[in-house]
Structures are given as structure tokens and as C-alpha cells.
Amino acid sequence: MKLIRRSLHMRSLILLVSLIICNPSQGQTDMTNLVLNAHSMVYHQAEGKTYIFGGATEKEVINTLLVFEGKTLTEVETKIQPSGRTFASTTYHEKDKTILMFGGSRVLFGKQTQVANLLNDTWLLRNGEWKQLNTTNAPEPRAEAAIAYDQLRDRIVLFGGYTIK
């Protein structure tokens with residue numbers, strides 16, 4: 001378990017360095033000068049790629065989908081995509097080989113007191129395309145929640161985060 005954590009930690013550090021020098025959201029093909037925070041990041045085990053969605057630049061909340069493969073970071077163009085958001089929860093569903101994303105916030109910096117700024121939509125990324133899922137009994141809108149795939153029970157588990165009552 002320690003080796004896995006170190007490996008993932010190292011991958012995150014490498015990705016962070018790459019994100020600091022990239023900016024596809026402003027149409028730059030050389031991807032320079034990106035400062036991105038509050039984004040979602042998940043490793044797609046079957047593809048061997050890391051996906052990054054949304055987050056915020058120093059000026060705006062974005063809905064850009066990036067893929068990090070080897071030493072290359074590229075923007076993925078999709079037919080439809082979720083709205084821009086910060087602090088969304090994402091996980092890899094190993095059995096289905098898909099990425100699931102839930103919720104997040106529309107706010108650039110800080111927490112807001114308006115419930116309309118929080119999201120409770122669910123999106124599935126399969127084969128490079130987003131699909132919004134219509135869920136019954138969706139959790140309350142929230143951001144900064146932990147999410148994970150429970151392989152033993154074949155369930156997605158969402159825990160915590162913040163919501164506004």
C-alpha cells in the first residue's frame with residue numbers, strides 16, 4: 001500500500017508541474033502558463049491515462065477536459081460536456097472502465113452561501129465522451145466530497161463534502 005501511495009503521489013507531483021506550464025483553456029497550442037486549481041483528477045487504469053476536468057484558472061471556472069499520457073498533456077474535445085466547476089468528485093469505475101463525476105461548485109474562489117452555486121449532477125466519461133446520467137434520489141448539491149469505487153460491492157461511495165441548508 002505504501003508503494004501505491006508513493007507512486008500516485010509522485011504522479012500527482014509530476015502532473016502538477018505539467019499543469020503549471022500549460023493553458024489549453026485560452027487556446028494556446030503550446031499549453032504554457034496554466035495555473036489550475038480545484039480541478040478533478042482521476043487515473044483511468046485501463047487506458048493508462050490521467051484525466052483532469054474543470055477547476056479554475058486565476059480568472060474563471062472552466063470546463064476543459066485534459067488527458068495526461070506519458071509526458072503529454074492534451075485537451076480532449078467532446079460533443080457535450082459538463083458545465084465548468086471546481087471541487088467536483090471523480091472516481092474510476094474499474095468494472096465498467098469509466099470515469100464518474102459528481103457535483104462541485106460554480107464558484108471561482110471561496111465558499112458561497114447560495115445553494116444554486118453547488119451542483120448535484122452526475123456525469124459519465126466513456127471512450128472520450130461525456131454523458132449526463134439521470135439519477136433518482138441524487139445526493140444534495142455539494143462540493144469537496146470524497147468519492148471512491150468499492151470493487152467488492154461494485155458500488156460508488158460518496159462521503160462528506162459541504163452543502164448549504
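## Basis of the model

Residues are numbered from 1 along each chain as its sequence is written, and side-chain values use heavy atoms, without hydrogens and water. As the model is predicted, local features need pLDDT of at least 70 and side-chain atom pairs count only at pLDDT 80 or more, while totals for chains, interfaces and linings use all residues.

The chain has an average pLDDT (the predictor's confidence in each residue, from 0 to 100) of 83, and 77% of the residues score at least 70. Residues 1–15 have a pLDDT below 50; beyond near neighbours in sequence, this stretch has eight contacts (heavy atoms within 4.5 Å) in the model. For residues 17–30 the pLDDT is also below 50, with 34 contacts beyond near neighbours in sequence.

## The chain as a whole

The protein chain holds one helix and 10 strands. Helices (H or I, at least four residues) and strands (E, at least two) are DSSP runs, numbered from the N terminus. In order from the N terminus, the elements are α-β-β-β-β-β-β-β-β-β-β.

Of the 165 residues, 39% are buried, meaning under 20% relative accessible area (1.4 Å probe, protein chains only).

## Ser40

Ser40 belongs to strand 1, which covers residues 40–44. Ser40 counts as buried because its relative accessibility is 4%. Leaving aside neighbours within four places in sequence, Ser40 is in contact with Tyr51, Ile52, Phe53, Ala88, Ser89 and Thr90. A polar atom of the Ser40 side chain lies 3.0 Å from the backbone oxygen of Ala88.

Conventions: Buried means under 20% relative accessible area, exposed over 50%, partly exposed in between (1.4 Å probe, protein chains only). A polar contact is a pair of N or O atoms within 3.5 Å; within protein, one must be able to donate a hydrogen and the other to accept it, and residues adjacent in sequence count only if both atoms are side-chain atoms.
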